[in-house]
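Q: Please take a close look at one part of this model and describe how it sits within the whole chain.

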Amino acid sequence: MGGAPTSLGYWEIETVGGAIDFLRSRPEVDPDRIGVLGFSAGGATALMAAARLPELRATVAIGNFHDLTNDLLRTETETNPFGWLTRRFILDPRPRTGDGM
């Protein structure tokens, strides 16, 4: 298992916001017709972005989380890399400071 840990779409909302800003700066783009499509964790990102970014006019989420609690509580494996999230946010009762993840 390599790479950076996932935020399950939470941090990626900022990336969607940046894409919207870029699209709105383009003269050929109608700013009232910007939408987002996401698959898997991108589907979760699309849903969270739609809730926070009123500039989005359409949202399609395919294969997003069906049971996030169950996914988080499973043991970390090759097919479930979310075990670190469970340890960090659910099983570790220490209060969080502004240290990021």
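Which residues make up the largest nonpolar core?

A: In this predicted model, the largest nonpolar core is made up of 9 residues, namely I13, V16, I20, I34, V36, A46, A49, L53 and L56. Two helices, α1 (residues 13-25) and α2 (residues 41-52), each supply at least two residues of this core, and α1 gives the most to it, with 3 residues. In soluble globular proteins, nonpolar side chains tend to be buried together.

As for the setting, the chain holds 4 helices and 2 strands, which run α-β-α-β-α-α from the N terminus on. Buried residues make up 27% of the 101 residues in the chain, while the chain exposes about 6,900 Å², of which carbon and sulfur atoms supply 57%. Among contacts with a separation of 6 or more, residues 24 or more positions apart account for 44%.

Confidence should be read alongside this picture. The chain averages a pLDDT of 76, and 56% of the residues score at least 70. Helix α1, which gives the most residues to the core, is where confidence is highest, at a mean of 95, whereas confidence is lowest in helix α4 (residues 83-91), at a mean of 58.

Key
Residues numbered from 1 in each chain as written. Predicted model: local features only at pLDDT ≥ 70, side-chain atom pairs only at ≥ 80, totals over all residues. Heavy atoms only, no water. Buried < 20%, exposed > 50% of the residue type's maximum accessible area, 1.4 Å probe, protein only. Contact = heavy atoms within 4.5 Å. Areas by Shrake-Rupley, 256 points an atom, 1.4 Å probe, with all protein chains shown as cover. Core = buried A, V, L, I, M, F, W, Y, C linked by side-chain atoms within 4.5 Å. pLDDT = per-residue confidence, 0-100.
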